[in-house]
Amino acid sequence: METGKRYALAGLFGPGRPEMVGYVPHARVLGISAVEIGPAFAVCRLPYRDELIGDPGRKVVFGGAITTLVDHTSGLAVACALEELTSIATIDLRVDYLRAARPGVDLYARSECYRVTRNVAFVRAVAYEDSADDPFAGCLGTFMLGANRTDSSYERLIGGGRDA
Amino acid sequence: MNRILEAIPYARFIGVGVERVDGRLECVLPFRDEIVGNARLPAVHGGVLGAFLELTALMRLIDESGTDRVPKPITFSVDYLRSAGPTTTRARAEIFKLGRRIANVHVVAWQDDPAKPVVAGNGKFLL
């Protein structure tokens, strides 16, 4: 990202806050929380729980639960890359399962929005237990900007839009 | 098949069921407030839909190959075609290639009209 770029959410960059997840019902059910956000990136955590297991033999969290974590983190990363907030909708998401996630521990995703055009935002992400340098999943996603008639749900984070 | 789903905690968590329609396996995701992603529309969470497709692909593979071992996903990609409203979502999987080690599976999910899919996915699994 070039320096001097304005970000709509710049005032919130830093440690994550509970309200960054609160308005997404399913993320709340999963207990996903924002760990940190910054210019065009976001890190979120998915707490381990037995209900998320996909392979009872190996006690590994179901891949689809990782999709949810990555989708959420990537949407937040896109919002963190925008100069002006708008609605964000996932166009596609690809997850590569590099290895099994370690059972019994919290999982993290770090997403980086590396390109924003007028209509589309491009994101790459990794999911890991301890370090983003040792990921168990790698992901690529594209997101449509201004895709639906709702405002950005992130607007309430900065006090209801640009008049605030 | 329902027994296998019952054995997968995550499938119970999002409430997926499996049915046989005209001899073909169909997975069913009933709508519940807990799976909403966008409360304003409202729409089912994209992650849940992705997970639902992946589960459907797995069920079809287990059904087809008769194995009790759960195939391991290598890669799974999801195309979001329409927002999925507050109603039941159904999905069917098609096995494009069942190799010795790798299977390639396509999955499509719809709500009221099978001709208007809400999400489609493609996964490669290690058998």
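1. Does A:Ser74 count as buried or exposed? At 1% relative accessibility, A:Ser74 counts as buried, where buried means under 20% relative accessible area, exposed over 50% and partly exposed in between (1.4 Å probe, protein chains only). The residue lies in helix α3 of chain A; helices are DSSP runs of H or I with at least four residues, strands are runs of E with at least two, and both are numbered from the N terminus. Leaving aside residues up to four places away in sequence, A:Ser74 touches A:Ser111, A:Val123, A:Ala125 and A:Phe143, contact being heavy atoms within 4.5 Å.

2. On the basis of the note: this is a predicted model, in which local features need pLDDT of at least 70 and side-chain atom pairs count only at pLDDT 80 or more, while totals for chains, interfaces and linings use all residues. Residues are numbered from 1 along each chain as its sequence is written, chains are lettered from A and ligands numbered from 1 in the order in which they are written, and side-chain values use heavy atoms, with hydrogens and water left out.

3. The interface brings 38 residues of chain A into contact with 34 residues of chain B. The two chains bury about 2,800 Å² between them, 59% of it on carbon and sulfur atoms; buried area is the accessible area (1.4 Å probe) that two parts lose on being put together, summed over both. In chain A, the residues that lose the most area to chain B are A:His26, A:Phe62 and A:Tyr97, together 22% of what that side buries.

4. Regarding polar terms, 13 residue pairs are in polar contact between chain A and chain B (both at pLDDT 80 or more). A polar contact is a pair of N or O atoms within 3.5 Å; within protein, one must be able to donate a hydrogen and the other to accept it, and residues adjacent in sequence count only if both atoms are side-chain atoms. The elements giving two or more residues to the side of chain A that touches chain B are α2 (25–30), β4 (53–55), α3 (63–79) and β6 (88–97) of chain A. Of these, β6(A) gives the most, with eight residues.

5. β6(A) also pairs with strand β5 (residues 72–80) of chain B, in the antiparallel sense and over five bridges; two strands pair if DSSP finds at least two bridges between them. A:Val95 has B:Phe76 as its bridge partner in β5(B).
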